[in-house]
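Okay, thanks for making time, everyone. Let me put the structure up on the screen, and then I'll talk you through it.

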Amino acid sequence: MRVKFIYLFAATLLLAACETTPEETGATAGEGAAVAPAQPAQMQEEEVAALPRVEPGTQQDLIANVGDRVFFDFDKYDIRPDAQVRLEAQAGWLKRYPQITVMIEGHCDERGTREYNLALGERRANAVKSFLVALGVDPNRMQTISYGKERPEVPGSNEWAWAQNRRAVLAVGEGLGAMGALQ
């Protein structure tokens, strides 16, 4: 019995000696613990030059600096408070680039008939246009189109996918003449 106890004690000591304490990270630190962020690596000039450049006044600029879409609740076309903030930023961006024209696309989730969703998408696009006009954007710079449920952003038949598809998107165009073909 004494030999078994000595072996058990020795095995426990051996395991304890081999164990290392992991470094504390945000995941292992206590809740709310502040962990210093890692310092970003210094980029070489060649790496900086290789980064894609976003041209001012482009769709990529709109997406990167303001966001190009707002979302709607189920079967609604009224502008939500979170969308109001985004639309105010979009209005500021449009005022900064007065030569830019946009197509406002209205979209819906997959539920409902094609005809119903086309009408709802149109109401959503028009609500966005009206809101932007109220903020001082020239209505002649904007056109609307409804895609209804025909162009889902996220495939799937669940609440998360549906929420992503109930949207209005600003698409930067080069002129109303070019965008007129989209209607």
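I'll start with the overall layout and then go through a few spots in turn.

One thing to keep in mind throughout: this is a predicted model. The chain has 183 residues, and buried residues make up 33% of them. In terms of secondary structure, we've got 7 helices and 4 strands. If you walk along the sequence, the pattern reads α-α-α-β-α-β-α-β-α-β-α. And take the contacts between residues at least 6 apart in sequence: 72% of those join residues at least 24 apart.

Okay, first stop, Asp 61. You'll find Asp 61 in helix H3, which covers residues 59–65. What Asp 61 does have is a polar contact, side chain to side chain, with Trp 93 at 3.0 Å. Setting aside neighbours within four places in sequence, the contacts of Asp 61 include Val 54, Pro 56, Trp 93 and Tyr 97.

The charged end of Arg 111 sits over the ring of Trp 162, 3.8 Å from the centre. Over at Tyr 147, the charged end of Arg 151 sits above the ring, again with 3.8 Å to the centre.

Now, salt bridges. The count is 10, and I'll pick out a few. Arg 53 and Glu 55 meet at 2.7 Å, N to O. Arg 53 is exposed, at 64% relative accessible area, while Glu 55 is partly exposed at 42%. Next, Asp 73 and Arg 80 form a bridge at 3.0 Å, and both ends count as partly exposed, Asp 73 at 39% and Arg 80 at 22%.

There's also a network: salt bridges with shared partners join Asp 68, Arg 69, Glu 153 and Arg 167. Within that group, Arg 69 bridges to Glu 153, with the closest N and O atoms 3.4 Å apart. Arg 69 is in strand E1 and Glu 153 is in the loop between strand E3 and helix H6, so this pair ties together parts 84 residues apart in sequence. Glu 153 is partly exposed, at 44%.

Buried or exposed? Arg 167 has a relative accessible area of 3%, so Arg 167 is buried. Beyond four places in sequence, Arg 167 touches a list of residues including Arg 69, Phe 71, Glu 105, Arg 124 and Glu 153.

Last stop, a backbone detail. Most residues other than glycine have a negative phi. Asp 75, though, has a positive phi, near 60°. Asp 75 is in the loop between strand E1 and helix H4, and with a relative accessible area of 37%, Asp 75 is partly exposed.

That's my tour, happy to take questions.

How values were computed: Residues are numbered from 1 along each chain as its sequence is written. This is a predicted model: local features need pLDDT of at least 70, side-chain atom pairs count only at pLDDT 80 or more; totals for chains, interfaces and linings use all residues. Side-chain values use heavy atoms; hydrogens and water are left out. A charge sits over a ring if NZ of Lys or CZ of Arg is within 6 Å of the ring centre and within 35 degrees of the ring normal. Helices (H or I, at least four residues) and strands (E, at least two) are DSSP runs, numbered from the N terminus. A polar contact is a pair of N or O atoms within 3.5 Å; within protein, one must be able to donate a hydrogen and the other to accept it, and residues adjacent in sequence count only if both atoms are side-chain atoms. Contact means heavy atoms within 4.5 Å. Buried means under 20% relative accessible area, exposed over 50%, partly exposed in between (1.4 Å probe, protein chains only). A salt bridge is a side-chain nitrogen of Lys or Arg within 4 Å of a carboxyl oxygen of Asp or Glu.
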